[in-house]
Amino acid sequence: MDATTPAICCDDVSVDFDASCVLSNISVDIYPGDFTAILGVNGSGKTTLMRAMLGLIPLTGGAVRIYGTDLPRFRDWSRLAYVPQRLHSAGAVPVSVHEVVGASLISPRRRLPRRGDRLAVTNALDLVGLSNRRKDRFDSLSGGQQRRVMIAAALAKDADIYILDEPTAGVDAESQERITETFRHLQQAGRTVLLVTHELGAFSALASRIVVLGSRTGVGSHVLYDGPPPVPEHLTERHWHHSEEVIARGKEPGLLDPGNTA
Amino acid sequence: MNLLTYDFMQRALIAAALIGVIAPLIGIFLVQRRLALLGDGMGHVALTGVGLAFLVGSAPVPTALVVAALGALVLEVIRSRSRTAGDLALALVFYGGIAGGVMLTALASGKASSALNQYLFGSLSTVAVEDIAWLVGASIVVVIILVIFGREMFAMTLDPDVAHVQGIRTTRLGVLLTVLAAVTVVIGMRTVGLLLVSAIMIVPVAAAQQIAGSFRGTAIGAVVVGLACSVAGLVTSFQLDVPPGPSIVLLSLAAFVVAALIAIPLRRRRHRHPHAEKPVQEHDHA
């Protein structure tokens, strides 16, 4: 693989839900080492784009390639780590923190536990500052701590690309600091990070690039901006202010005022 | 114990011990996947297999195994191919199963109708010598599959999307789990009965998760509860001369109540844990 092969390539991606277009003709290339934030208001399709990149929803048009391989034929999943907002099954059967992190090491290529798994889990929990909670029940942790455990699960995988859905939404200040610190390490280690968020907030100092999704017509989001931060003013004013809700959000730190948390 | 001198009781005890161990091991994944009622549905489908066996005169256990496994596949196809919601797909297959079972049994000879009761609620005396081979064989297959795919199933039930990004074939694994549930139902059909077999998959898990702090701990606890209640329930049934299914299930429910009572002080202590549950704070640095 040469250095110019994108880690993730979205080539003219379109996604429809129930016959209505959600994403139309999105082309974004994420290069190795990029720290990219995908921004947009609620309903702008940023989570949809992320799920499309992971092969979790079918494309209506276009193609996604990971390290040059078409997504349906991509098999090298150990290079990719995904952190959702919350675990699907949280609260059903009790799981320990250790088990949540250890689950990320399971794959069809690693069906049985291996020597070193335990160490990988402990090290990953150390990085997010929660190794002392290893034996606790996952659901006994606060929301922010749970998010850190899920990030630790991704770290234990030692992947090249980290894809995260709103990693700091609803997270307490201490956890937010920890999470930002973890990402600084990832960035310095040259890993590729892609996060979806509605406010850049603490990541504004880290993001090397932002992609703003939105729609001028109300249907079918496309790329409104793709480049280094901050968000250009014409977007923050014209396109973010067309509804009351967005005006309200515009007053929050983050999107309009990247990096300057008052 | 003098009850071991009866051949039929020896066979019934083997069958009860098998279901007591296997059922919670499958049940824990069903609970995690929020499909606790799946076993119930598979029981209804297996009933069609029993009815079919009565009608054509084949052996009930292997016939029910095949029909229940096919029913599991049909269920998964309906779920994945159509927009039918998960629980609606379950309902459709269940109704078909129980209606088919009763219909086929009625079409068979009159004697079959009374035998149906034994399949619905379990029986001490009906575990035939040839059944034991089927039950042991099916149990070994279930355990081998769990050893190979159990950890992937754990990852899938924890979060299917994350599991997908680990390269786990979640759809295929979901089908496999449903088929395993169907096989488990048939393993428990003779002793616990098709109407109650789902309880021995779910109730021991519900009891163990009151106390356990991990998935592994819940699995071990559920197997202990399942095995103890199956064997004790069988012995109770022998002494009281009642069908074993209700005894086993009532004992499991009693274990659940005891576990829930034990859990109350445990939970209180967990909340007092120095590091536990830190509320999200709005920090005001001003």
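**Exercise 1.** In this predicted model, find in which helix of chain B confidence is lowest and in which it is highest, and then examine the residues of chain B over which pLDDT stays under 50.

*Solution.* Begin with the helices: confidence in chain B is lowest in helix α5 (residues 110–121), with a mean of 78, and highest in helix α10 (residues 215–240), at 95. Finally, turn to residues 274–286 of chain B, where pLDDT stays under 50 and the model has 17 contacts beyond four places in sequence. Where pLDDT is low, predicted coordinates should not be read in detail.

**Exercise 2.** Work out the strand order of the open four-stranded sheet in chain A, and state which helix packs on the sheet.

*Solution.* The order is β2-β1-β4-β5 of chain A, with antiparallel pairing. At the edges lie β2 (20–30) and β5 (69–70) of chain A, each of which pairs on one side only. Further in, strands β1 (residues 8–17) and β4 (residues 61–66) of chain A pair over five bridges in the antiparallel sense, and A:D11 stands opposite A:A63 in β4(A). Helix α1 (residues 46–53) of chain A packs on this sheet, where it touches β1, β2 and β4 of chain A, and its direction makes about 120 degrees with that of β1(A).

**Exercise 3.** Decide whether A:S140 is buried or exposed, and find what its side chain reaches.

*Solution.* First locate A:S140, which lies in the loop between α3 (117–127) and α4 (143–156) of chain A. Its relative accessibility is 10%, and buried means under 20%, so A:S140 counts as buried. Its side chain reaches the backbone oxygen of A:R137 at 2.7 Å.

Conventions. Residues numbered from 1 in each chain as written. Chains lettered and ligands numbered in written order. Predicted model: local features only at pLDDT ≥ 70, side-chain atom pairs only at ≥ 80, totals over all residues. Heavy atoms only, no water. Helix = DSSP H or I, 4+ residues; strand = E, 2+ residues; numbered from the N terminus. Buried < 20%, exposed > 50% of the residue type's maximum accessible area, 1.4 Å probe, protein only. Polar contact = N/O pair within 3.5 Å; in protein donor to acceptor, adjacent residues only side chain to side chain. pLDDT = per-residue confidence, 0-100. Contact = heavy atoms within 4.5 Å. Pairing = 2+ DSSP bridges. Axes fitted to C-alpha atoms, helices over the stretch in contact; angles between N-to-C directions.
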